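Hi,

Here is the structure I promised to pass on. Have a look at it first, and then read on for what turned up.

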Amino acid sequence: MAEKRMLILSAQDNVGVLLEDAQKDDVAVCGDVRVACAENIPFCHKIALANISRHTDFIKYNEIIGYALCDVQQGAWVHTHNLDDVRGREGML
């Protein structure tokens with residue numbers, strides 16, 4: 001288990017960004033925030049800072065970047081398998 005650097009820009013964020021590759025059970029750290037990685041997460045990818053319910057917005061840099069397609073557990077990798085975004089699809093839904 002190693003500590004890995006993570007970026008969080010806003011107290012409202014519910015995802016952080018890994019600043020290096022992380023393996024399962026590593027701990028992502030940004031200031032006082034510490035989150036155990038539930039799985040391997042690549043550099044520059046997102047990690048859930050808390051449990052996030054299905055259809056809840058993902059917030060990164062204090063901006064909504066999409067919503068959860070399923071329940072996402074704290075420490076999980078947040079990516080296209082569990083995140084969807086409607087930006088740029090206005091009129092297509």
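Below are some notes on the fold and on the charged pairs.

This is a predicted model, in which local features need pLDDT of at least 70 and side-chain atom pairs count only at pLDDT 80 or more, while totals for chains, interfaces and linings use all residues. Residues are numbered from 1 along each chain as its sequence is written, and side-chain values use heavy atoms, leaving out hydrogens and water.

The protein chain has 0 helices and 9 strands (DSSP runs, H or I of at least four residues for helices and E of at least two for strands, numbered from the N terminus). Its radius of gyration is 13 Å, close to the 12 Å of the globule rule for 93 residues, so the chain is as compact as a globular protein of that length (taken over C-alpha atoms; the rule is 2.2 Å times the number of residues to the power 0.38). Of the 93 residues, 39% are buried (under 20% relative accessible area; exposed is over 50%, partly exposed in between, with a 1.4 Å probe and protein chains only).

There are 2 salt bridges (a side-chain nitrogen of Lys or Arg within 4 Å of a carboxyl oxygen of Asp or Glu). Arg34 pairs with Glu3, with the closest N and O atoms 2.8 Å apart. Arg34 is in strand β4 and Glu3 in strand β1, so this bridge ties together parts 31 residues apart in sequence. Arg34 is partly exposed, at 47% relative accessibility.

The other bridge joins Arg5 and Glu20, at 3.2 Å from N to O. Arg5 sits in strand β1 and Glu20 in the loop between β2 and β3, so parts 15 residues apart in sequence are tied together.

Best wishes
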